[in-house]
Every structure is written in C-alpha cells, then in structure tokens.
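Look at the structure shown here, then work through the exercises that follow.

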Amino acid sequence: MSPELVYVIDDDGAVRNALSRVLRYAGFDVRAYASAVEFLAAEREDRPACIVLDVGMPGMSGVELQATMAHMMSAPPIIFLTGRGSVDTSVRAMKAGAVDFLTKPVKRETLLAAVTSALARDATSRARNEETRAVRARFVRLTPREREVLAEVVRGRLNKQIADDLGTSVRTVKAHRAQVMAKMEVGSLAVLVNVATKLDDGGSI
Amino acid sequence: MNALRFAGAAALFRYTARRRRATYVAAICFLVFSGYYLGTRVGLALTFLPNPISVLWPPNAILFAALLVVPRRLWWVVVAAALPAHLLAELEGGVPLSMVLCWFVSNVAEAAIGALVVESLVRRRLAFDRLLDVSAFVFAAFAAAFLSSFLDSAFVAVIGWGESGYWDTWRTRLLSNITASVIFVPLIMVWRTIGLDRLQSMRRIRWIEIATLAVGLLAVTLVVFDAQPTMKGAQALIYLPLAFLLWAALRFGPTGATASFAVVSVLVIWGAGHSLGPLGMRRPAENAFSVQLFLIFLGALLLCLAAALEERRDAERSLRASDRRFQLVLQATRDAVYEQELMTDAVSWSGNGLAHQGYAGGVSPRTFASLLDLFHPQDKARAMRARTAATNCGHALWDCEFRLRRSDGSYAHIHEQGLIVRDDAGRAIQMIGALTDITERRDADELNQRLAHASRLTAMGELTASIAHEINQPMSAILSNVDAAEMLLDAGDLDRRELRQILSDIREDDLRASEIIQHIRGLANKRQVNAERFDVNDLVRIVLRLVAPTVKQRGVTLDVELNRVPLIHADRIHVQQVLLNLLFNAMDAMSSTPEHDRSIRIVTSSVQPHTIEVAVSDRGHGIPAEHLDRIFDSFFTTKRNGMGLGLSIARSLVEAHGGRIWAENNADAGATFRFTLRVDARKARDV
C-alpha cells in the first residue's frame, strides 16, 4: 500500500520546505503548494490524505480554502497552522470542521500526532463514504414497489399491515421483501434496517 | 452673450419694479380718494339735527391712517388724492371755495402732525399690540387735533363762515376729530394686515364664536342705544355692550377690539343723533358732547386693554417658545439641569433629569441631600467646597467636576456649572446647576493620554502582532529544519548533502529573523504623543519644505491646493509622518515614470462638517486592483528594497487619531492616497 499523503500549503517557502522535510522523513508522501489556488488547481489522488494549511496567506486565505472545500465530497481533513494564536480565527476554523489548529513554530511530535490522527479520521470517513456509496448503488437496483416495501419494513410494519397499505396480498409483500433482502445483499432484517439508515442522508426513502 | 442677457434681465427687473411702483401709487390714490370721500359722507350722515353738528369727522382720520401706512416720500400722493375727494364732498354742500381749501389745509396739517408724532414715538409699524403703541397713538391723535383745531377755527373766523364763536368751533372740531381718530385709525392700521389666508385658516369653532359675538354685540347695542328707553334708569344699560367689547378684546385682541368698537361707535352716534338711547335724551349739542367723550374714553380704554392682553399673549408665546428651545437644548446636550431651593433643600429637575445616568422618569433625587448621596465619596467634599466657596464669596457662578453614581452602580464623570440666585439682600436663595456628562469625552481623553504614553511602536498598535508573525515564520522554519535534521540523524543512514542543505536553510532563516528585529529596533525610539490644535495647511507647507530637496532631486513637480479648513486636534509629528510617508510612497511609485510626467498633487479640503481630508496623488504605476486592500498591511510591499511599513505606520497613526486612510487608482495614471482627520471638537462645537 502506498504511503499516506499530506498536502502542505504555505506561502512562506522556508516554512514549506522545512515542514515537508519533517513529514517526508516521518514516512509520509508530501505534496507542497505555495497557495490555496495552486492546490485547488492541482490534481488530487484518491487515497487517504490530510492538509496542513497556513491560515494567513495572501490571495485566498486558509479559512477561505476551507470554506471552498466544504462544498466538495470527500475533502481531506485540514490541520491549520497559524503564526498568531488568534482565538476567533481558530474558533471559526474548528467550527468549520478543522481537525486541529497548531501554532507556529510547531514541534515535530505535535505536528506528526495531528497528521496521524487526521489521516486516521480521513480513512474512517473514506470507508464510511465507500460503504454509503455501495449501499446506494444497491438501492438504485430496487423497483419503485420494492422501495415502498423497504420503507414500510424499516418503519417496523408487519407484512399484513404493509399489504393493507399497499392494497396487495401478504404473499406479494413477502415476495417483494425477499427481493429487497436479496438486492440489498443483507441476511437479516436487523442488518437491512442498519443499511437503510445509511441511505437517510441521500433522502431516497 | 451673457452680458447681453444680463443687461436684458436688469432692464426687465427695472421695468417690473417700476410697474409695481406705479400699481402701488395708483392703489394709494384710489383708496385715499374713495376713503376720504366716503368718510365725508359718513360724517355728514351722522350729523345731529336740527343744527348740523358733526359728531364724527372720519376724513381726517383716514388721511392720518394713510400717512402712517405710506412711506413719507409718497405722502404727496396721499394729499393729492385726497384733495379732489375733499373738493367734491365739500362743494356739494355749497361751502365757499376759500373755506373748503382752508379746511383742507387744516385737515392735512392734522394728519401730518399725528403721523409725525406717532413715527417719532413708535419706531416700528403701529400695530396696537403694545401699550406703548396705544399711548403714543392716543397722545398723537390728541396733539394733532388740538393743534390743528386752532388753525381751523382761525380760518373759520377769518372767512366768517357759520355763527359759532372761535372756541365753540375749536371744541367741536377737537372732539369730533379725536373721536374719529380713535375709531378709524386703529381699525385701518390693524385690519390692513389681516390677510385672507389668516381668515381661511381659522377653525370653524372660531367662526361660530365670531358670529355669536357679532350678533350679541349688534343686538345689545341696538336695544340699548337705538331704541326708545322703556324704563327709567336705563342709562346704566350703557355698560351692557361693554361685555361684548371686552369679549372681543379678550379673545380676538386688537383685531376684535377695533372692529367691534367701530360698530358700537357708529350705532351709538346714530342712536344719539336720532334722540334714541341713554345718550340721546338731551339737546343735540349736549348729546354730541357726551357721545364723543363716551366714545373717546371707551375707545382708548379698549385699545389699552387689547394691547395689554396682546403683549401678555406675546410674552407667553415667547416664553413657551423659549421653554421649548430650552427643552430641546437639554435633549440635544443631554445635560441635566436642576434648581435647588436653599431654604427647603428641595431639588426640581428640568427635562428628563438624570435619565441619562439611568434615573428615568421621576426617580431623579428630590432633595439635594439625596443628590449628594450619588456623588462619589471621594468627590463629595471637593464638590461641596466649590459650591460653598462660590456662595460665601458672593460669586454668581461655580463649576466643578465629580463622579456621579449611575443607577447601575457605575460612575459617570460629571461637569457641573452652576448659577447662584440671590435675593435683594445678597443672600443666596437658589442654586441652578447644569450637569454635563463628560464620561465619553474623558474616556476619549484618556485614550489620547494612553496614546501619548505609548511609544511610536505602540502607536502602531496592531503592527506588533504582524511583526511577531513575521519573526515567527523563520523561527518556525528553523524549528522544523532542526527536527528534520534530528530525524535524519536518527534514521542512521546519513545523507551529508541533505544535512548541509538543512543547515544552510537554518542559517538563512536565522538571518532573516534578525534583519526584521533590526528594523523594528529602528522604529522603536520612544516618543511622547503631543496633541495640539493646528491648521493642517501650515503643516503641509512645512512638510513640503522638508522634502523640497528630494522632490527636486527626483525631478518631481508639486501641485498644491490648500483650501481653507477648520483646525484639527492632533499630534503634529504624527500627521507630519503620515504625510512624509505618503509623499515618499508617491515618489517611489514614480521612479519609472518619465521625468517630465512626474508630479504630485496635494489637496487639503473640508469634506464633512467635522472632517478634513488630505489627498496625495501621484502619476506612477498605480496599484494593482488585487493589492488595493492590502497595501496598508504591515510588511506588504511591492518595492524591491521596501520593508512594507511606511503605509502601515501611516494607517496606524491616522487611525489612532480617529481618521481613515485609503487609496484609489486615478482614472488616467497613478494613485491617490487620502486620509481624513477629525476637526478639533471644541472648534466644531462653536461652528
């Protein structure tokens, strides 16, 4: 497996180089950029990553980049670096989803710990995204009738009730239900309910 | 072209002015002629038969009023207009021409004497709304009739007209002319200013009152003076119309009094002339005498009453207006004004009292003792000393400063100015104090004070943060590089070239940091801030002298426009520094501009009521749009050898003075830097 990726974005060349060095020696793959725009323009790889981002940069600032990235799917988590520990900026950044907020100069241990935890978080969220994507892909295969049955089942309704509601026989409902279980690739009702919750944010049910 | 148009306009103006004057003169002629003629008809109609005794002779009064209305240079017009009316009226009665002309002379003499006396005593338009007006008028009317009657009687005696003796003629004329003056002159003078708009703007209830008054007045006067007396002792009824006359004077002032009195007069004379009413019971001559005396005294009394009431109303109106102004001033200044009765210690507040200190409504202290409770304990003794010292030393004023507890427990800084009211014996009986809340002003002063204590570096306030940031960058790089070197060493497999690179990076960052520190040290020479009042134009001139050598050396021409601006309250050196920085910035910006095009324009102006603006425009490369909002940030520079501090220092200094600084690109070339400063507050208040 290829090493984990860290993007370093800082307008100060000396700082950028030194940080990249530390991260590289610690075994990470490092991509360094001098500005937020340069980073956005670059092609990104589809693997776990995190961003070490300087807050106060000319042009697009770190906070602005964070705001831009918030609209993207699967954006890597951001570790902010700042020269001045200004409270309001850090609070704003954390609220907007920054995983860490480090003050320059930053010690190796602090930096590496932050990066490691950010990467772990990215891995988890990528996995979750992956699972959601898979479930959604399976859900797309259901017929409209099967989706209705799924919704009723997840709500905990009995076959008899579902049949009454949909105006069909219990047998038909049972058949639909078997189809749903098969297509969603689940073995039990409990797992089906669990999977279905992942679809919630998609709003399909 | 313009000159032509101007000449045309002037001619037109002269023409319209002339035409307006002509219209005015024509109006005078018409009014005087018809008034005079009508007056004679009325006079003749009201003679008491069988012997024609004129009780009332209005033409003279009308002439008198006309002379009062018309400016003196147009009196001849009045006289000229009256003559034909006089001739027409008198010759109809078969009087010889010589007598008619002599009467005209004495009539004109009377009117002229009256008008001259009034004008010399009353220096404004006679409006019968002041007691002085009324007394001056009564005196003038009497004097005019008194003097001219000698002349008149002499004419009569010389020409030999009529059978009465000299003194009879004199007395008859005197009384009938005074009566006419008292009735008609006030009527004309008061009513000539009543515009249609005033009548139209009257409310309906007022009209109803006027109608009631008129009906009542007419009915009562007709019943009392123009009917056969039905019972004995009815003479006492002559006072009945007085009720309505008083009503008119009370409610409608001189306007109502003069009108209703004229109506009553005509009815009384008519009744007496026809042997009706209480004044028509004797022989005509006696009746005429009593009617005249009755009307003269009643009229004079009524005019005095109406004028006194009007004066009182006027005083009340101006008192109310001044009270409103006072309230408005209190609202505007947020001052609290109180009166303290020294006998009772009671305190009463004007306006909102101590509302601004949180004591809204009626909760401001009602006694001075409780007001004193609100004083800061440390200030009580001092404030009291100021008051007692002023009281005991016979001063009229005192002022002191103290802290006053607000309703929320915090303290407001108060400046009190007071007035001591004394009785005739010089004993202080009342203190009037005005409390001005100077907390904000003091806070502002304190802020300035703090600014004054700060070094130039601190005046740059926010700069420190960015300086820290700027040093932090190399420090941060150094730390990470040291970390990296350690990791490299720990890895065992030593790459000497890599390590050398790291060390060289560390050296470079270290040098960068110390360079920044050097620069800051240069800036940080301590200096006190010293605010004073001055004219920014003087300062511009001084600065221009300072930079003159550099300006010349760099081949820059200066274009200076110094407009009259109010004084500002600021630190000279700081404003000088700002201007210097902007000038050097402008010159730097033009280093690559062709020499013949290098010019700097400096303009001072007053932009808002309390703000002045200084603008420095260059013809350099301008500012890239993306940099416009960052050029004042510290360490932002586009110059090869600039520190990026000049403009940021300028901004810190301007903002420390409560001003604003900004830059904009010129339409043709270069950029304009503008900064504003507040006008000196004390000066601004005077304006």
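This is a predicted model: local features need pLDDT of at least 70, side-chain atom pairs count only at pLDDT 80 or more; totals for chains, interfaces and linings use all residues.

Residues are numbered from 1 along each chain as its sequence is written, chains are lettered from A and ligands numbered from 1 in the order in which they are written, and side-chain values use heavy atoms, with hydrogens and water left out.

**Exercise 1.** Find how many residues of chain A and of chain B take part in the contact, and what area the two chains bury between them.

Solution. Contact means heavy atoms within 4.5 Å. By this rule, 19 residues come from chain A and 24 residues from chain B. Buried area is the accessible area (1.4 Å probe) that two parts lose on being put together, summed over both. For chain A and chain B this is about 1900 Å², with 52% of it on carbon and sulfur atoms. Of the area that chain A buries against chain B, 35% is supplied by A:Arg21, A:Tyr25 and A:Arg108, more than by any other three residues.

**Exercise 2.** Count the salt bridges between chain A and chain B, and state which elements of chain A give two or more residues to the side that touches chain B.

Solution. A salt bridge is a side-chain nitrogen of Lys or Arg within 4 Å of a carboxyl oxygen of Asp or Glu. The count between the two chains is five. One salt bridge joins A:Arg108 and B:Glu486, whose closest N and O atoms are 2.8 Å apart. The elements asked for are helix H1 (13-25) and helix H5 (108-140) of chain A; helices here are DSSP runs (H or I, at least four residues), numbered from the N terminus. H1(A) gives the largest share of that side, seven residues.

**Exercise 3.** Which residues of helix H3 of chain A are buried?

Solution. Buried means under 20% relative accessible area (1.4 Å probe, protein chains only). In H3 (residues 62-69), A:Gly62, A:Val63, A:Leu65, A:Gln66 and A:Met69 are buried. Seen down the axis of H3(A), they fall within an arc of 160° (taken from the directions from the helix axis to the C-beta atoms), so they line one face of the helix.

**Exercise 4.** Is B:Gln576 buried or exposed?

Solution. B:Gln576 lies in helix H18 (residues 572-589) of chain B. Its relative accessibility is 18%, so B:Gln576 counts as buried. Leaving aside neighbours within four places in sequence, B:Gln576 is in contact with B:Leu539, B:Val543 and B:Leu546.

Definitions and conventions:
Buried means under 20% relative accessible area, exposed over 50%, partly exposed in between (1.4 Å probe, protein chains only).
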